[in-house]
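Please read the following points with the model displayed beside them.

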Amino acid sequence: MRAAIVEAPGKVSVTTVPDPTPGPREVVVSVASCGLCGTDLHILQGEFAPSLPLVPGHEFAGEIVGVGRDVTELSIGDRVAVDPSLHCHECRYCRSGRGNLCERWAAIGVTVAGGAAEYAVAPVANCVKLPEHIDVKDAALIEPLSCAVRGYDVLSSTLGADVLIYGSGTMGLMMLELAKRTGAAGVDVLDVNPERLATASLLGCTRSAAGADELDRPGGWDVVIDATGNAGAIQDGLGRVAKGGTFLQFGVADYATTAVIEPYRIYNQEITITGSMAVLHSYERAAALFATGVLDPSVFISDRLPLDQYPQAIDRFKAGIGRKIVVEP
């Protein structure tokens, strides 16, 4: 089969590799679409993935074309979206229901071969069957949506909150869509990319700007979400949280990124600083939301490229062009 391979830091290509074989409780998925995200850039930089070479791709969906001998829940021909999370179920975090913090954390497309290929293997427990009205080529959006759902689980937002989101890429836009549906009084979005910012306006944000100083809110926002991973945005966002408010680090920053906090202000104004890591008990809820039309795939997916153009897709994503980019084997 054809697959994208991150061979070494900074080097990615598309080549032929052996077809996968399912284990007893695994299925083989013929990949219909695979999304790119910031994690893929980190893998390309030599971060996250424990070893290279690796077939990336943790946002994917497709049709089952092979099943292991002990699989009874799904059948060949079923269309599924795949939760990439691989938890050990044995460590203290897994046993306490915090599998996303697993001491032996792993994920399809991050630590083992993923969906940037014609075929991918997944545990049957990680597969969510799609309803007939869902286009399987759009269902790669379910995984990032499940991360956004997890983000809002962490926030436990109160009704009537004023929200500020840094970044209007795919994840920022998904956080916008969920904020609108979780009782926010207003949702402002910041981005230095005018095209992406225009999409936030299209989706109904309250206000949009290139920087927070352009928005008249001297008291700050109840909820500030960084969806960029950019050091400058993070630092600015920490200073925009209102008294009693919450800052959510949602974007994936480079390992070396740092920010300065003001301990007295955090104490005196009872500010909460928290993070949201990947998927946790949120994938099936995201699939259910997706089935209701919470996202418009035609807005979120800006580019559909063939698998053989995976290196070009990565370059396009790295340059900040478009929104969600997917490859379709």
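1. The residues lining the largest cavity comprise five nonpolar, four polar and no charged. Here Ala, Val, Leu, Ile, Met, Phe, Trp, Tyr, Cys and Pro count as nonpolar, Asp, Glu, Lys and Arg as charged, and the others, Gly among them, as polar. The lining includes Tyr152, Val163 and Gly183.

2. This is a predicted model, in which local features need pLDDT of at least 70, side-chain atom pairs count only at pLDDT 80 or more, and totals for chains, interfaces and linings use all residues. Residues are numbered from 1 along each chain as its sequence is written, and side-chain values use heavy atoms, leaving out hydrogens and water.

3. The largest cavity holds about 40 Å³ of space. A cavity is a set of points, on a 1 Å grid over the protein atoms alone, where a 1.4 Å probe fits but cannot get out; lining residues have an atom within 4 Å of a point. Grid points are joined across faces, edges and corners, and a volume is the space filled by probe spheres set on the points.

4. The largest nonpolar core has 47 residues, of which Ile142, Leu145, Ile165, Leu176 and Ile225 touch the most other members. Such a core is a set of buried Ala, Val, Leu, Ile, Met, Phe, Trp, Tyr and Cys residues joined through side-chain atoms within 4.5 Å, where buried means under 20% relative accessible area (1.4 Å probe, protein chains only).

5. Apart from this core lies another, of 36 residues, among them Val124 and Tyr310.

Technical notes:
1 Å grid on protein atoms, 1.4 Å probe; cavity = no way out; pocket = protein on both sides within 12 Å on 5 of 7 lines; lining within 4 Å. Buried < 20%, exposed > 50% of the residue type's maximum accessible area, 1.4 Å probe, protein only.
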